Amino acid sequence: MSATLESSVPMSRDRHDGSSEPSQHALIELRDVAKVYKLEEVEVRALDGVDLTMHRGDYSALIGPSGSGKSTLMNTLGCLDRPTRGSYRLDGIEVVNMSADQRAKIRNAQIGFVFQNFNLLARTSALENVELPMLYGKRMSAHARYDRAKELLTLVGLGDRLDHHPGQLSGGQQQRVAIARALATDPSILMGDEPTGNLDSRTSREVIEMFRQLNEVKGLTVILVTHDLSVAKNARRNIVLRDGKIIADTRDHEAAAEALRSSSD
Ligand SMILES: Nc1ncnc2c1ncn2[C@@H]1O[C@H](COP(=O)(O)OP(=O)(O)OP(=O)(O)O)[C@@H](O)[C@H]1O
Ligand SMILES: [Mg+2]
């Protein structure tokens, strides 16, 4: 089954169509963001003065050596974690000083996550896995939940696997269930930390193609962390981190690869 988008599931809200009025503000705006971990005597600057602006419809890959701050940046962007310093405006709203509850709300409204190890519930069907996020947040009838989950699984090419449990699906299929689940709440941003890290190269390409189509066809803003330069190449923008700083931010994949190489010298 190829990873083409199979149906025209409405991704509602005109913000997805990319053709509406330009918004007043960037979707993501980080200013001088730092994250410092203090462990006994040692201070780790996981993020060290990061400025970053992303607009709706961007497709960015965060790359950099191990420990350079990619996951910390992703967790900050995903409102899972709070910086030590700086400002983060998500869709024009400052989130740094929000409570955990407020951040959870904004996260549920705006962001879908995909993880390296899929994080699906084991003895639960693909359909129920995708329905799960719809039990929280805005109220939906059981019927509407079922219909949307079925549509989303069809969208990712799994319309014939609704009742399969994760253990009865291949790695690539499990990741596609996870993508459908991430889309259940109709987010504007899809984020993944090493979403192809557990997949072989062919399956990885298939999943990456799906991210690209969700970006190009559905207008989703996509942000991926990856070690894999072929995955980064699929993104339109490459952001290279080193020691918690952005050392390159470019649409030229070769320039990003070069920055990465020189950073590991
Ligand atoms: N909870 C924590 N407590 C202390 N230090 C941490 C914590 N989380 C991360 N760090 C440190 O912050 C730095 C950045 O970590 P991060 O996980 O963001 O790196 P990464 O680029 O995602 O690496 P990898 O490619 O290995 O996943 C590392 O030096 C790490 O040791
Ligand atoms: Mg990481």
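Two strands count as paired if DSSP finds at least two bridges between them. Helices (H or I, at least four residues) and strands (E, at least two) are DSSP runs, numbered from the N terminus. Welcome to a predicted model, in which local features need pLDDT of at least 70, side-chain atom pairs count only at pLDDT 80 or more, and totals for chains, interfaces and linings use all residues. Residues are numbered from 1 along each chain as its sequence is written, while chains are lettered from A and ligands numbered from 1 in the order in which they are written.

**View 1. An open sheet of four strands.** Follow the order β2-β1-β4-β5 and you will find antiparallel pairing. At the edges are β2 (42-54) and β5 (93-94), each of which pairs on one side only. Five bridges join β1 to β4, and these two run antiparallel. In general, strands of a sheet pair through backbone hydrogen bonds, either parallel or antiparallel.

**View 2. The β1-β2 hairpin.** Strand β1 (residues 28-39) meets β2 in the antiparallel sense over 10 bridges. The hairpin formed by β1 and β2 has two residues between the strands, and E40 in the turn has a positive phi of about 50°. Look for E29, which stands opposite T53 in β2; in β4, the bridge partner of E29 is R89. For L30, the bridge partner in β2 is L52.

**View 3. The surroundings of ligand 1.** A residue is near a molecule if its C-beta atom, placed from the backbone, lies within 6 Å of it. Around ligand 1 you will meet Y37, L39, V44, A46, G64, S66, G67, S68, G69, K70, S71 and T72. At least two residues of this shell come from each of β1, β2 and α1, and α1 gives the most, with three residues. The shell residues divide into four nonpolar, seven polar and one charged. Here Ala, Val, Leu, Ile, Met, Phe, Trp, Tyr, Cys and Pro count as nonpolar, Asp, Glu, Lys and Arg as charged, and the others, Gly among them, as polar.

**View 4. An open sheet of six strands.** The order to trace is β6-β7-β8-β3-β9-β10, and the pairing is mixed. Because β6 (111-115) and β10 (245-250) stand at the edges with a single partner strand each, one side of each is left without a neighbour in the sheet. Neighbouring strands of this sheet are turned by 15° against each other on average, direction ignored. (Axes are lines fitted to C-alpha atoms, for helices over the stretch in contact, and angles run from 0 to 180 degrees between N-to-C directions.) Strand β9 (residues 237-242) runs antiparallel to β10, joined by five bridges, and I239 stands opposite D249 in β10.

**View 5. Helices α5 and α6 side by side.** Helix α5 (residues 171-183) and helix α6 (residues 201-216) pack at an angle of about 20°, with their axes 9 Å apart. That makes α5 roughly parallel to α6, a label for angles under 35 degrees. Meeting at the contact are G171, G172, Q175, R176 and I179 of α5 and T203, E206, V207 and M210 of α6. Residues are in contact if their C-beta atoms, placed from the backbone, lie within 7 Å. The residues of this contact divide into three nonpolar, four polar and two charged.

**View 6. Helix α5 over its strands.** Helix α5 lies across β6 and β7 (189-193), running at about 165° to β6. Helix α6 packs on the sheet too, touching β3 (59-63), β7 and β8 (221-225), and its direction makes about 150° with that of β8.

Conventions: Parallel < 35°, antiparallel > 145°, perpendicular 65-115°, else oblique. Contact = placed C-beta atoms within 7 Å.
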